[in-house]
Amino acid sequence: MNIEFLLATEPPAECEAIGVPVNAALGAYSAVEIDEARCKRRGFKGKPGSSVVFDDGETLQVLVGVGNPETAGQEAFRRAGGVFQRDVEKCTTACFDLRGVSGPAVSASAAIEGVVEGVMLAAHRFEEYKSEKSGGALARVVIATDHTDATSAVVAVARGTNMAEAVLLARDLIDHPAGVMTPRRLAAIASDVAAYAGLTIKVMDEDEIAAERLGGLLGVAMGSAEPPRLVKLVYEPDADHARQVNGRVPTVAIVGKGITFDSGGLSLKTGEGMMTMKTDMSGAAAVVATLGACRALGVGCRVVGIAPITENMPGGHAQRPGDVITIRNGKTIEVLNTDAEGRLVLADGLCLATEELPDAIIDIATLTGACIVALGKEIAGVMGNDDDLIGQVRDASERAGEKVWQLPLPEEYRKDIDSEIADMKNIGKAGQAGTLAAALLLAEFVGDTPWAHLDIAGPARSENESHYLHKGATGFGVRTLLELVSTFEPTRGREDEEIAPGAGESAESSTSDDSNGDTGSGIEP
Ligand code: BES
Ligand code: MN
Ligand code: ZN
């Protein structure tokens with residue numbers, strides 16, 4: 001059900017429920033009085049993620065904990081929105097009281113946007129295959145705010161709605177069974193998205209993929225009866241949104257792993273290990289969803305999205321452990337484990353991205369189980385060849401409420417993927433730094449282009465219900481990517497241009513320590 005969001009200066013009388021964010025000292029932000037004794041009896045301490053519902057017979061009062069007001073930022077309000085939605089889903093009209101919320105940790109606009117996202121994300125259920133739908137009733141949420149700028153408040157609601165819709169699109173694509181969400185189906189949906197979002201799209205079929213020498217994608221696809229697809233989406237900002245840096249509009253390329261089902265191929269996974277492997281196209285889903293929201297969000301740079309899409313199956317034509325494949329740029333890879341397939345399709349995707357001469361490439365992939373071992377289920381790994389770009393990704397993820405942690409890209413470990421017979425092999429040392437080995441292989445396909453790699457193997461799926469997350473796909477990465485392209489600054493000039501002093505650099509980055517000690521003159525030869 002679509003929820004309508006309205007703004008008001010105070011909670012309307014006809015609301016069935018009123019949500020009140022409460023801090024850890026049991027204080028409300030607005031002038032609403034909190035009955036401390038009643039809270040204590042119910043064990044409510046204002047902790048983030050907790051809530052308590054008081055029913056006075058007429059209106060439900062839902063107190064939602066946001067914790068320490070000094071640190072409760074947008075994510076605290078996103079989660080509060082999710083917790084609130086779960087408490088009021090049987091009501092038709094509810095109000096969330098954001099009066100008094102505006103300070104150093106969260107602006108009034110950021111809080112509005114967060115609550116809209118949290119409510120929408122929590123409200124969505126993937127029930128296409130259920131005979132009985134759970135049927136939440138929530139149709140209208142009034143946000144009470146004393147925001148001093150009405151236009152900004154409206155913009156915040158729109159931004160929250162667009163962000164949440166993008167995340168929900170990704171979740172739906174991922175949650176469909178792999179038998180339905182085949183490479184052809186996913187490419188067809190990408191075309192629909194391109195049509196409504198004003199994007200140009202190119203879909204390569206298996207013949208074009210072969211003609212374009214995408215040997216990694218072809219190799220992985222060999223074992224499957226379903227043909228592969230390569231989707232390329234391009235967003236060009238309208239003239240009134242385009243942001244010129246150094247006389248031109250910057251380009252960000254995003255590449256997403258699109259394995260619609262990962263059986264492991266001939267290096268077959270266990271039954272347990274492949275149960276959730278429909279999720280292995282979460283990177284591609286994030287790319288489609290991100291591109292689909294760029295126009296609605298008024299993104300100012302060009303965005304190119306690339307998704308190599310295939311199943312990884314063990315059919316009679318499947319690639320064999322020990323086979324050697326040739327990636328688009330001519331580099332060869334010995335495939336010693338067919339279950340390390342993501343890096344093979346991404347290698348081709350990164351070559352195509354590099355050919356676009358973008359200012360930055362971000363790839364996003366459910367790439368390694370080792371990343372779950374290292375960082376658990378809630379934190380993605382980020383690696384790359386450009387610390388400024390990685391910094392921008394980290395800042396974007398912080399704003400998005402999606403946790404990432406930087407891991408190294410150690411030159412010393414490059415030898416671990418040396419092959420006896422090819423340029424490299426697709427696995428590193430058994431049981432050692434598997435996430436880094438995968439990233440070191442990807443690095444071979446981006447040349448000098450500033451590049452960051454997001455390994456989302458952990459957070460792409462949630463195994464529990466909490467705040468705005470459900471069991472199943474999370475849509476992780478969509479908000480981070482949208483935040484990133486919304487604020488992206490080129491980290492260096494292109495080879496073919498001179499950067500004008502100060503152009504494309506914020507005051508901070510122009511004083512920061514650039515890795516090549518050179519903030520002005522472009523990529524090293
Ligand atoms: N898609 C998996 C990674 C994965 C595992 C994502 C679990 C989410 C949950 C990937 O293709 C894979 O199988 N990686 C192997 C690599 C290994 C063979 C070097 C892995 O992590 O075990
Ligand atoms: Mn695999
Ligand atoms: Zn995989």
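Helices here are DSSP runs of H or I with at least four residues, and strands are runs of E with at least two, both numbered from the N terminus. You're looking at a predicted model, where local features need pLDDT of at least 70, side-chain atom pairs count only at pLDDT 80 or more, and totals for chains, interfaces and linings use all residues. Residues are numbered from 1 along each chain as its sequence is written, chains are lettered from A and ligands numbered from 1 in the order in which they are written, and side-chain values use heavy atoms, with hydrogens and water left out.

**Stop one: a helix.** Select residues 150-175. That's α4, with 26 residues, reaching 37 Å from its first C-alpha to its last, close to the 38 Å expected at 1.5 Å a residue (the expected span is 1.5 Å times one less than the number of residues).

**Stop two: the zinc ion.** Pick ligand 3 and show K257 (NZ), D262 (OD), D280 (OD) and E341 (OE), which coordinate the zinc ion at 2.0 to 2.4 Å. Donors are N, O and S atoms within 2.8 Å of the metal (3.2 Å for Na, K and Ca); water is not among the atoms, so sites may look incomplete. The zinc site has six donor atoms, with angles of 78 to 175 degrees, and is octahedral (six donors, opposite ones over 155 degrees apart and all others between 65 and 115; a site that meets no such rule is irregular). Along the chain, the zinc donors run K-x4-D-x17-D-x60-E. D262 sits in strand β10 (residues 258-262) and E341 in the loop between β13 (332-335) and α9 (342-355), 79 residues apart.

**Stop three: the manganese ion.** Which residue bridges the two metals? Select D262: it bridges manganese (ligand 2) and zinc (ligand 3), which lie 3.1 Å apart. Manganese is coordinated by D262 (OD), D339 (O), D339 (OD) and E341 (OE), at 2.1 to 2.2 Å. Its six donor atoms make angles of 70 to 169 degrees, and this site is irregular.

**Stop four: ligand 1.** Of the 16 residues around ligand 1, K269, D280, D339, E341 and G369 come nearest (a residue counts with a heavy atom within 4 Å). A polar side-chain atom of E341 lies 2.8 Å from a ligand 1 oxygen.

Technical notes. A polar contact is a pair of N or O atoms within 3.5 Å; within protein, one must be able to donate a hydrogen and the other to accept it, and residues adjacent in sequence count only if both atoms are side-chain atoms. Four donors count as tetrahedral if all angles lie between 85 and 135 degrees; four count as square planar and six as octahedral if opposite donors are over 155 degrees apart and all others between 65 and 115; anything else is irregular.
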